[in-house]
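Hi,

Here is the structure I promised to pass on.

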Amino acid sequence: MDESMKRLLQRLVRRIPAQMLKTTLEKCVRLTASQQRSVEVLQPKWAFTETLLDICEENGWTVKHVTKLEMTCFMDNPNQGMWYAFQLVDPEDDAHAVELMQFKEKFKYHLKDLVRPVSIKIKKHTDEAVWIRIAWGDGFSPPNHLKPTYVVHYLQTPYVFVTNLTSKRKPLLCQALVLSTRHQIIKDANLSGRKLTAVRDLLMKQYQQAFPIKYPSPLAERHETVSNPHIEKEQAESASKRFQMACEAFGDGMLPQLQTSIYKLETKFRDHTNKTMTDREKPFRCVVKFESTNLLESLRSCASSGIASTPVTPLLSSIPLKGRNYFVVTDNTPGPASQTRQPLD
């Protein structure tokens, strides 16, 4: 076994839980009885890595087998890395007729025509998503399997999700996707997150989006008992109204787990006493970033509890409604106007 294959396997063990690797290994590979026993034994990661190396040696594995194992693990556990969403625009008349085999052939043909050497693996997931693993080469160097790009595309939809894509490779991937799906343009959807399922559900509207009009029962049980019945009634009505407004803005039910929302402000300086700054051509710029383990749930909770004012500002409610978490706010538009995100690095 060469050194590159050892490094790839070690990286795989570091990134993916050992128990998940064991399950995937048993599912993808035929193991002997002794190999099965060695995998099932509880052991630290460094020892498990050695066990995998021994199995690879015994079975005569190549890089192809290890990358197949890695891809299967990622498909079973997609919430890793930072995922960026893109949207295909202006489909051709026969775009809806593109099938899996046709897409695979055209994508490989177009990407290999644009860059060499490159290693491409394409596999369809059980949820109809087409997963693509790309290991990029550079000139005369072989494909780097330690830093692959993963692409997820749902056929017959305009949505593409990408992780670990550099700005240098982005135009090449975008061109191959446009040609193989029979579209004219691919644009940034201004949506990203560490959980692929959350980004997908938000962009493709695959989560519960019940926006209630009225809640019949008051929420008095959420508050401490107040001796004055008039105060108790007023507080219950106020809490119910806040909760209704929060749900009208973000929906009622489980929300996709986004981690960030970024707002870029571009505004002109206005002060009649300071002509030097007022006449400045370039606008002032600042960036506001919200972070949380579950941003949408946090915003809804803040609004319903009274921490944040209601009704919820469109700057925040636009996240689930527009399926974006990157906005540019300028002087020329009344609400958030989205622009293309900076190149991926």
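The largest nonpolar core holds 56 residues, and Leu25, Trp131, Phe161 and Ile319 have the most contacts inside it. By nonpolar core I mean a set of buried Ala, Val, Leu, Ile, Met, Phe, Trp, Tyr and Cys residues joined through side-chain atoms within 4.5 Å; buried is under 20% relative accessible area, exposed over 50%, and partly exposed in between (1.4 Å probe, protein chains only). Helix α5 (residues 63-76) gives the most to this core, with 6 residues. Helices (H or I, at least four residues) and strands (E, at least two) are DSSP runs, numbered from the N terminus. A second, separate core has 26 residues, including Phe107, Ile122, Val151 and Val178.

Before you go further: this is a predicted model, so local features need pLDDT of at least 70 and side-chain atom pairs count only at pLDDT 80 or more, while totals for chains, interfaces and linings use all residues. Residues are numbered from 1 along each chain as its sequence is written, and side-chain values use heavy atoms, with hydrogens and water left out.

Contact means heavy atoms within 4.5 Å. Leaving aside neighbours within four places in sequence, Phe161 is in contact with a list of residues that includes Trp83, Tyr84, Tyr150, Leu196 and Met204. Strand β5 (residues 159-163) pairs with strand β1 (residues 83-91) in the antiparallel sense over 5 bridges; pairing takes at least two DSSP bridges between the strands. Tyr84 has Val162 in β5 as its bridge partner. On β1 there is also an antiparallel pairing with strand β6 (residues 183-193), over 7 bridges, where Phe86 stands opposite Asp188.

**Pro78**

Pro78 sits in the loop between α5 and β1 and is buried, at 15% relative accessible area. Setting aside neighbours within four places in sequence, Pro78 is in contact with Trp83, Trp131, Leu196 and Thr197. Pro78 and Val152 are 74 residues apart in sequence, yet 9.9 Å apart in space, C-alpha to C-alpha.

**Towards the end of the helix list**

In helix α12 (residues 314-322), Leu316, Ser317, Ser318, Ile319 and Pro320 are buried. Just after α12, Gly323 takes a positive phi of about 65°.

Cheers
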